[in-house]
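Let's take a walk through this protein together. Have a look at the sequence and the model first, and then we'll start with a pocket.

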Amino acid sequence: VGCNNFRDHYPYPLVDTEYPDGVWYDLPLEGRCDSPTGAWNCTWSYEEAGEIRLEDLEAQEPGHGYCCGGQCTGFWQGHWTPSDNDRRVAQVKALFAQRFPE
């Protein structure tokens, strides 16, 4: 089990990315259990929190250039720009909070 944040560049990514605050998690299947103890085979658990679909996010920003199945979106424009990526992350969080309020 482990994680690394993108800013550390260890062990990956080796270079800066467009998501500088990104984090990768490693959750090996053999470590999954109901109540983690820290033992080698019991290091993580999860509970369902809900899900949102990419199609729902994309529908919030009609556009052109990014089309699939006849539906075009502006959601992915600026995918090399950290500020646009921050905007997308905020949209994901907002839609999730709207659909699944605490």
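**Starting at the pocket**

The residues lining the largest pocket are E55, E58, A59, E61, P62, Y66, C68, Q71, C72 and T73. A pocket here is an open set of points on a 1 Å grid over the protein atoms alone, where a 1.4 Å probe fits, with protein on both sides within 12 Å along at least five of seven lines; lining residues have an atom within 4 Å of a point. Helix 1 (54-59), strand 3 (62-68) and strand 4 (71-73) each give two or more residues to this lining. The space inside is about 170 Å³, counted as what probe spheres set on the points would fill.

Before moving on, keep in mind that this is a predicted model, where local features need pLDDT of at least 70 and side-chain atom pairs count only at pLDDT 80 or more, while totals for chains, interfaces and linings use all residues. Residues are numbered from 1 along each chain as its sequence is written, and side-chain values use heavy atoms, leaving out hydrogens and water.

Now zoom out. The protein chain has two helices and four strands, which are DSSP runs (H or I, at least four residues, for helices; E, at least two, for strands) numbered from the N terminus. The chain's radius of gyration is 17 Å, well over the 13 Å that the globule rule gives for 102 residues, so it is more spread out than a compact globule. That radius is taken over C-alpha atoms, and the rule is 2.2 Å times the number of residues to the power 0.38. Along the principal axes, the C-alpha atoms fill a box of roughly 50 × 35 × 25 Å.
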